[in-house]
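Below is a short briefing on a protein chain and its ligand. Look at the sequence and the structure first, then read the points that follow.

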Amino acid sequence: MPGFIIPVKRRYLVRFDPKRIPHAFADVLIIGGGIAGIRAALAVEPNQDVIVVTKDRLLQSNSAYAQGGIAGVFDPLDNFGSHAADTLAAGKGLCDPQIVDMVVREAPHRIRELISYGAHFDMQEGEIALTLEGGHSHRRVVHALGDATGQEVMRAMAELVRSRPNILIWESTFTIDLLTHEGSCRGGLVWNPNHGKTFVWAKQTVLATGGAGRLYRETTNPDIATADGHAIAYRAGAELRDMEMVQFHPTVLYIAGSSRHLISEAARGEGAVLRDVTGYRFMADYDPALELAPRDVVSRAIATQMAKTRHPCVYLDLSHLPVEVVEARFPHIRKVCAEFGLDFAHDLIPVRPGAHYMIGGLTINADGQTTLPGLWAAGEVSSSGLHGANRLASNSLVEGLVYGRRTGVGASHLAAAQPDTFTAIPLKSDWPERPQDDGLDLEDLRNSLSSLMARYVGIERDAPGLKSAAEQVNFWDRYVSDREFSGPRGWELQNMLLVAKLMIASASARKESRGVHFRSDFPESDPQQNQHISVNAAQKQPADHANPATGWGR
Ligand SMILES: Cc1cc2nc3c(=O)[nH]c(=O)nc-3n(C[C@H](O)[C@H](O)[C@H](O)COP(=O)(O)OP(=O)(O)OC[C@H]3O[C@@H](n4cnc5c(N)ncnc54)[C@H](O)[C@@H]3O)c2cc1C
């Protein structure tokens, strides 16, 4: 697997003195309370103590915003081979076929389990209702509340996890860094506004911090998606891979002030079509599968059509569909549109692509173990081999369930074999006595970064754009990483800058187009490059590992 090393400036984002801050102990620490983190917590043996930390409220996660549904084979006319084949086709050679097979076979079990937790899925004639989404060759997507699947699933999971006496949930608690000692993970350094910093020592740690959408100006992701987990794991020494692979969702509501709501793929699955500003249905010019082509194809087609027509968006048209179908299937997005004076069933709905899903992440094995002993990862923060170079719609909630359970079981098993010690390790942070004050306009920097990423590291990339992005991010990082911040907005910015570096370096290194990664200067796939690109942090840089495109790592 080709890879390179990009060193980090500091191992920890903040100074600390282990004698001066409180300590807590857990068998298993779970960082993140989305579908992957909660499923992991539920899988830990009831005689073990679990702490789950979430940086916002428990129900504020990408998982809770999921709309379309969860993919699994339920129709007797469907089969695992077909679900696997669709997943592999979308992944464009980068999926691990064994992982794909394992996940699609486990999917129906994990979905039925959700029903046993109390989640109510939409039904049709006494059976689970199934819809079709882009890239799937069968109706196999289960959904709830029409188009608010995540809300219903997370409600049921949150109620269950809160009822478990062995699980403590620390909401509004930000994980600043993982604690490492002698090459393994020992827990996390967390902060909350009431207690300040706390060391949480854990026998095993599961990272389930979700995605990175907030690195981009247009995104479907809520505020929490700032790639913290990618950054804290990287600083701790875990390997990341495929960081150039970011999926853009083709249809994000484009109304100023609407905070960029996603319009689920299921709308196109039910028959909605895309038109440009002149009313022309353009997808036939790009792909025979029309509106149900894979997401990368539809996103690029929309971007091209926007450029051709010099118009900032295209339009989704459902006006030919029966109103009762639109009302039953899309009550949530219909309500959002109504708030802006649009009738979802009759009007043309303005849409454009936005960053949606971070495919790249921590390299994990089939059980969810990362390359850092003691650390596990599940869900969007990880790279399991399921999605390859493009994620098939509705495959990520199911991945969160499958790997959430696997990491919870595995971490619990290893923790059971470790004795209780309740000792704190005298760790040191690598800071000078007096770092610079933070005094920066953080919002200005965040906006500048997300605009830069959209411009140069978005749907289309090329060498000059990536070089400009590298220079600019390097410049910002030089003065931002020398400062010590006292709260989440600053730590998030530092994490986003680090992850932007990794994404730009990886996108520069992949000199071909594959799946979601489209290089206008290398528009074809190159069979020689059909492999993962990994990145690692290290203090000392061997010369042959430097990334020639960006100069990082030299
Ligand atoms: C609008 C939208 C619609 C989607 N629709 C679908 C769909 O229909 N089907 C599908 O399969 N997928 C869908 N996805 C993708 C899917 O929702 C996500 O990939 C999946 O939910 C990720 O789950 P997760 O548990 O990995 O992360 P999340 O659900 O994002 O949870 C991350 C957790 O980590 C916590 N966290 C993050 N950083 C820190 C930190 N520093 N300290 C402490 N806690 C932290 C957060 O507070 C949160 O609790 C959608 C995504 C979006 C945004």
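**Ligand surroundings, cavities and confidence**

There are 37 residues around the ligand, and those that come nearest are Ser63, Gly69, Thr175, Glu380 and Ser396. The model is a predicted one.

- Glycine 33 has a backbone N or O atom that lies 2.8 Å from an oxygen atom of the ligand.
- A polar backbone atom of glycine 68 is 2.8 Å from an oxygen atom of the ligand.
- For leucine 397, a backbone N or O atom lies 2.9 Å from an oxygen atom of the ligand.

**Cavities**

- Rolling a probe the size of a water molecule over the atoms shows where empty space is left.
- The structure has five cavities of 30 Å³ or more.
- The largest cavity holds about 180 Å³ of space. It is lined by 13 residues, of which Lys9, Arg10, Leu13, Asp477 and Ser481 are the closest to its centre.
- Helix 14, which covers residues 488-509, gives the most to the lining of the largest cavity, namely three residues.
- By type, the lining of the largest cavity consists of six nonpolar, two polar and five charged residues.
- About 70 Å³ is the volume of the second largest cavity.
- Among the residues that line the second largest cavity are Leu94, Asp242, Ile359, Glu399 and His532. Its lining also includes Ser382, Ser383, Ser384, Gly385, Leu386, His387 and Gly388.
- The lining of the second largest cavity divides into three nonpolar, seven polar and two charged residues.

**Confidence of the prediction**

- The protein chain has a mean pLDDT of 93, and 96% of its residues reach 70 or more.
- In residues 539-554 the pLDDT is below 50. Beyond near neighbours in sequence, this stretch has 34 contacts in the model.

Key: Residues numbered from 1 in each chain as written. Predicted model: local features only at pLDDT ≥ 70, side-chain atom pairs only at ≥ 80, totals over all residues. Heavy atoms only, no water. 1 Å grid on protein atoms, 1.4 Å probe; cavity = no way out; pocket = protein on both sides within 12 Å on 5 of 7 lines; lining within 4 Å. Points joined across faces, edges and corners; volume = space filled by probe spheres on them. Helix = DSSP H or I, 4+ residues; strand = E, 2+ residues; numbered from the N terminus. Nonpolar A, V, L, I, M, F, W, Y, C, P; charged D, E, K, R; others polar. pLDDT = per-residue confidence, 0-100. Contact = heavy atoms within 4.5 Å. Near = heavy atom within 4 Å. Polar contact = N/O pair within 3.5 Å; in protein donor to acceptor, adjacent residues only side chain to side chain.
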